[in-house]
Amino acid sequence: MCAVVGLVGGWAIHPVLSSVTGRPPLVSWTQALAVVLVAVIMGFLAWQTWQTVQVRGERLELHQAMNRLVLARACALGGTLIAAGYVGYAVSWLGDASQYADRWMLRSAVAALGGAGVALASLALERACRTDGGRPRP
């Protein structure tokens, strides 16, 4: 559902804001790289949690595990929405003769990859938080 909402919203924002304000919304490198930075942070947190829980067999405090699970779920949904939104925005520039079309499509593609990275790293974090349910290890 988030992907559909993001695609439609990202695609619609270009013509709507162009007609209202007279210019389309701009996509800066700061926006795109900020999403990539969040993906890197989520990936590091997933790796760290995997090492703690799955490799070393340590248990997280209950509040830590719940915080990481809630963060992972929220970022998985948000990352999907962001990735789809930037893909929709990039698609809205296809066939546009503007001198900025290539620039916005490239930046949108980088941001979309970052959003997909956030979603995938968040799913990895969710997976890393899983435990064996208290069963003894062989």
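A: One term before we start: a crossing is left-handed if the near helix is turned anticlockwise from the far one by less than a right angle, and right-handed if clockwise. Helices here (H or I, at least four residues) are DSSP runs numbered from the N terminus, as are strands (E, at least two). This is a predicted model, in which local features need pLDDT of at least 70 and side-chain atom pairs count only at pLDDT 80 or more, while totals for chains, interfaces and linings use all residues. Residues are numbered from 1 along each chain as its sequence is written, and side-chain values use heavy atoms, with hydrogens and water left out.

Q: OK, so in which sense does helix 2 pass helix 4, left-handed or right-handed?

A: The crossing of helix 2 past helix 4 is left-handed. Their axes are 8 Å apart and the packing angle is about 15°, where axes are lines fitted to C-alpha atoms, for helices over the stretch in contact, and angles run from 0 to 180 degrees between N-to-C directions. Helix 2 and helix 4 are therefore roughly parallel to each other; the cut-offs are under 35 degrees for roughly parallel, over 145 for roughly antiparallel, 65 to 115 for roughly perpendicular, and oblique for the rest.

Q: And how do the axes of helix 2 and helix 3 cross?

A: The axes of helix 2 and helix 3, which covers residues 62-92, cross at roughly 150° and come within 12 Å. That makes helix 2 roughly antiparallel to helix 3, and the crossing of these two is left-handed. On the helix 2 side the contact (heavy atoms within 4.5 Å) is made by Q31, V35, M42, L45 and T49, and on the helix 3 side by R68, L71, A72, C75, I82 and Y86.

Q: What about helix 3 and helix 4, at what angle do they pack?

A: Helix 3 and helix 4 pack at about 160°, and their axes are 7 Å apart. That makes helix 3 roughly antiparallel to helix 4, and helix 3 passes helix 4 in a left-handed crossing.

Q: Let's zoom in on G79 then: buried or exposed?

A: G79, which is found in helix 3, has 2% relative accessibility and so counts as buried; buried means under 20% relative accessible area, exposed over 50%, and partly exposed in between, with a 1.4 Å probe and protein chains only. Leaving aside neighbours within four places in sequence, G79 is in contact with G115, A116, V118 and A119.

Q: And S108, which residues is that one in contact with?

A: S108 lies in helix 4, residues 101-128, and counts as buried at 0% relative accessibility. Apart from neighbours within four places in sequence, S108 is in contact with V27, Y86, Y89 and A90.

Q: Where in the chain do F44 and W47 sit, and are Y89 and W93 buried or exposed?

A: F44 and W47 are three residues apart in helix 2 (residues 29-55), which means that they are separated by about one helical turn. Y89 and W93 are both buried.

Q: Last one, which residue is V20 compared with, and how many residues apart are they along the chain?

A: V20 and R107 are 87 residues apart along the chain, and their C-alpha atoms are separated by 23 Å. V20 is found in helix 1, residues 2-21, and is exposed, with a relative accessible area of 64%.
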